[in-house]
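Here is a walk through one protein structure, taken in short steps. Keep the sequence and the 3D view side by side as you read.

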Amino acid sequence: MSQKLKAPKVVADLLFQRTGKLTRELVRDPGGFGLGQVPARLKPDATTTAVCGFCSTGCGLEVHLKDGQAVNLSPARDYSVNKGAACPKGWEALTPLYAKDRAVRPLLRNARGALEEVPWQTALGTFCSRFKAIQQKHGPHSVAFISTGQIPSEEMALLGALAKFGMGMLHGDGNTRQCMATAVVAYKQAFGFDAPPFTYDDFEQSDVLVFVGANPCIAHPIMWERVCKNPHRPEIVVIDPRKTETAMAATQHVPLRPKSDLRLLYCITHLLIERGYVDRAYVEAHTTGFAELARHVASFTLADVAMDTGLSAESIEKLVETIGKGKRVSLWWTMGVNQSHEGVRVAQALINIALITGNMGRPGTGANSITGQCNAMGSRLFSNTTNLMGGHDFASAEDRAKVAAALGIDEARIPRQGSLAYDQILEGVLSGKIKGLWIVATNTAHSWINQGDVQDLLKRLEFLVVQDMYTSTETARLAHLVLPAAGWGEKEGTFINSERRIGLLKKVSRAPGEALADFYIFKLIADAWGCADLLRQFESPEQTFQLMKRVSRGQPCDITGIRDYAMLEDRRGIQWPLPEGKDVAAQAERRLFEDGKFYHPDGRARLLFEAPRPVPEPTDERFPLILLSGRGTSSQWHTQTRTGKSAVLKKLYPAEAYVEVNPEDARRYGLSPSDYAIVESRRGKLRARVHVTHVVQPGQVFVPMHYPEANQLTFAAFDPYSRQPSYKHCAVQIRKSDPFAD
Ligand code: SF4
């Protein structure tokens with residue numbers, strides 16, 4: 001049963017004015033179109049389920065409807081991920097949909113420099129004419145896109161196909177570069193495919209859990225709940241310069257010097273080998289490079305590394321014994337590792353430890369990267385940015401032919417190389433190679449490293465299009481054209497969470513004004529651009545899911561065994577892989593590599609390593625403190641475009657930026673609790689409330705990343721393999737703020 005809702009006249013006009021298949025598809029679309037109809041599968045007064053649209057935990061939510069419109073929600077008790085729990089963001093997921101600054105109509109910058117409302121027809125016409133003019137003048141690759149880990153995989157797949165196969169772009173990346181690129185490269189090189197091996201059940205099965213640069217207590221609180229349910233009285237180790245909430249709850253906190261993690265992990269590897277904790281049979285059967293790794297780590301002696309890391313030799317030895325003697329050891333990492341100038345090698349040092357101790361493929365084990373955004377994993381597999389859709393390779397003729405056949409397009413449409421990375425696209429703007437940019441559902445002007453530079457770069461563009469739910473983001477305010485998008489809850493699709501679980505999101509609310517689901521904005525653009533026929537197979541989100549299945553066939557991420565959305569709903573999400581003919585209904589939670597077979601042609605995992613590199617911006621006399629950044633509370637999400645809209649969430653975190661300062665440094669710099677301080681780097685400065693605390697060590701200060709000022713300080717350094725920005729380390733100074741001067 002479906003219920004007709006009244007579409008605003010202007011959009012109805014647009015739809016009915018246009019002729020041909022696209023119009024008919026949009027009008028009859030049952031669920032994904034932002035306006036129009038409540039999905040046929042939903043009863044108007046009922047409770048339905050949807051996965052949460054904030055973080056990568058991927059909690060199941062029960063959404064309660066009245067007259068087809070969501071009125072409330074609660075955590076799903078029968079969803080294996082969260083088992084009836086949700087963090088504050090999940091509970092408040094509906095609130096940001098009703099914010100006053102929702103983008104409700106397209107906005108175009110006029111001759112006076114102001115953004116003014118225009119009809120969709122004008123917006124689409126301008127989008128196409130301006131981008132086409134740039135391509136004609138500067139070449140097809142002078143226009144690029146930046147996407148996100150916040151939209152469903154189906155929208156990512158359509159955007160990637162539209163931009164690269166339809167509009168002739170070569171370059172497009174996502175904000176997932178800022179959070180997961182390091183883990184992607186680390187896994188690909190070590191395992192032969194980007195494949196996080198774990199399932200959340202491993203949190204409950206381990207007898208030793210080692211968290212490196214991860215603070216699940218607040219960053220992934222429902223994952224932490226799973227740790228708390230572990231019945232084995234596990235040893236919980238936190239390796240982190242800060243005494244985070246997770247470190248406070250741990251049995252061992254290893255407060256190493258910032259960015260000395262690679263040295264520490266090589267030393268641990270060396271001692272594990274020296275003390276006979278290596279699972280020789282596993283290493284022989286399933287890995288390559290052990291002898292070379294052993295030679296490499298031999299020089300990382302306990303005495304030297306204790307000095308380098310600032311740790312006691314005893315604490316390092318205790319950690320080695322804990323890992324060595326553990327029966328089911330799992331190693332978990334997130335942004336403290338990924339956002340580093342040498343993050344790929346740090347992640348691989350963790351993978352090495354899991355492999356050489358045989359902690360892989362068994363319950364409670366693994367080298368496990370926790371992803372960040374709700375659909376970071378979907379972006380990794382289906383966004384068609386650096387990889388060809390489905391984890392394929394743009395450079396491989398065989399892969400191009402396979403994907404072209406699966407999508408029913410001419411193979412010649414597929415570029416023969418992957419995209420420039422996010423930072424290289426921005427460099428392209430600086431060098432004048434990129435003149436037009438299309439930013440979808442991300443807030444580059446706030447979140448990109450060294451914000452002053454990036455804001456300057458965005459202003460240099462000949463044409464900047466921002467497609468977003470809100471008109472007020474720092475990036476939307478710089479746009480020439482704003483396309484109003486529906487948000488989570490206003491459209492259909494799938495997300496893939498940290499444990500590779502594909503979950504369904506639903507349209508449970510009408511988008512405001514003329515905002516449209518991103519999927520249908522892409523369809524309208526394809527039509528206006530003149531490539532709708534090429535993308536005709538992308539009929540609806542669910543049809544696109546069928547295409548994703550087809551391109552995944554034979555890949556490690558094969559999902560051909562997932563029949564349709566109804567099956568995802570019935571099974572409460574399904575983890576990849578699920579090839580056709582393999583029904584694993586009985587196993588709600590599955591891990592990879594149980595057979596010890598990895599994805600390299602020889603089936604073996606690679607043990608990879610490299611000499612540590614110096615930090616890009618060491619401290620000195622003028623800038624004597626190390627700036628750390630990270631998540632502030634479980635009520636804040638990234639640049640706060642959504643969590644900043646909830647009165648409930650706003651009560652749960654400080655309203656203004658704050659800086660954590662150790663008491664020793666507070667004394668040295670004359671700072672008292674609640675003073676205002678100026679934190680300054682070579683690139684900029686911010687004013688923040690002083691929080692005097694032992695959470696940070698002397699010589700270090702911490703600023704949460706959610707406040708717009710934080711990235712005015714950060715230093716633009718990148719891991720050379722993943723191109724992920726190194727947000728976690730730069731040199732700053734601090735002084736008490738002078739109310740008259742600052
Ligand atoms: S933990 Fe993540 S997925 Fe779960 S409710 Fe909170 S934000 Fe949503």
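The model is predicted. Residue numbers start from 1 along the chain.

Start with two helices. Helix α11 covers residues 261-274, and helix α17 covers residues 343-356. How far apart are the axes of α11 and α17? They lie 9 Å apart, and the helices pack at an angle of about 15 degrees. Angles under 35 degrees count as roughly parallel, and α11 and α17 are therefore roughly parallel to each other. The crossing of α11 past α17 is left-handed. Now look at the residues in between. From α11, the contact takes in Asp261, Leu262, Leu265, Tyr266, Ile268, Thr269, Leu272 and Ile273. From α17, the partners are Arg345, Val346, Ala349, Leu350, Ile353 and Ile356.

Next come the salt bridges. A search of the whole structure turns up 37 of them.

Take Lys83 and Glu204. They form a salt bridge, and their closest N and O atoms are 3.5 Å apart. Lys83 sits in the loop between β3 (69-75) and α3 (88-91), while Glu204 belongs to helix α7 (residues 201-205). The pair therefore ties together parts that are 121 residues apart in sequence. Lys83 has a relative accessible area of 36% and is partly exposed. Glu204 has 11% relative accessibility and counts as buried; the cut-off for buried is under 20%.

Move on to Arg591 and Glu594. Their side chains meet in a salt bridge, at 3.8 Å from N to O. Glu594 counts as exposed, at 52%.

Arg682 is partly exposed, with a relative accessible area of 42%. Glu617 is buried, at 5% relative accessibility. Salt bridges can also share partners. Such bridges join Lys83, Glu204, Arg226 and Glu589 into one network.

Now turn to the backbone. Most residues other than glycine have a negative phi, and most peptide bonds are trans. Some places here depart from that pattern. Which residues does a cis peptide bond join? It links Trp576 and Pro577, with omega at about 0 degrees. Pro577 is in the loop between β19 (574-575) and β20.

Two residues have a positive phi without being glycine. Asp67 has a phi of about 50 degrees. Look for Asp67 in the loop between β2 (60-66) and β3. Its relative accessibility is 45%, so Asp67 counts as partly exposed. Lys259 has a phi near 65 degrees. Find Lys259 in the loop between β10 (252-254) and α11, the helix that packs with α17. Lys259 counts as buried, at 11% relative accessibility.

Finish with two loop residues. Asp101 lies in the loop between α3 and β4 (107-109). Asp101 is buried, with a relative accessible area of 16%. Which residues does Asp101 touch, leaving out those up to four places away in sequence? They are Met469, Tyr470, Thr471, Ser472 and Lys645.

The last stop is Gly699, in the loop between β24 and β25 (700-704). Leaving out residues up to four places away in sequence, Gly699 touches Pro624, Leu625, Ile626 and Asp665. Gly699 and Ala247 are 452 residues apart in sequence, and 19 Å apart in space from C-alpha to C-alpha.

Technical notes: This is a predicted model: local features need pLDDT of at least 70, side-chain atom pairs count only at pLDDT 80 or more; totals for chains, interfaces and linings use all residues. Side-chain values use heavy atoms; hydrogens and water are left out. Axes are lines fitted to C-alpha atoms, for helices over the stretch in contact, and angles run from 0 to 180 degrees between N-to-C directions. Helices (H or I, at least four residues) and strands (E, at least two) are DSSP runs, numbered from the N terminus. Angles under 35 degrees count as roughly parallel, over 145 as roughly antiparallel, 65 to 115 as roughly perpendicular and the rest as oblique. A crossing is left-handed if the near helix is turned anticlockwise from the far one by less than a right angle, and right-handed if clockwise. Contact means heavy atoms within 4.5 Å. A salt bridge is a side-chain nitrogen of Lys or Arg within 4 Å of a carboxyl oxygen of Asp or Glu. Buried means under 20% relative accessible area, exposed over 50%, partly exposed in between (1.4 Å probe, protein chains only).
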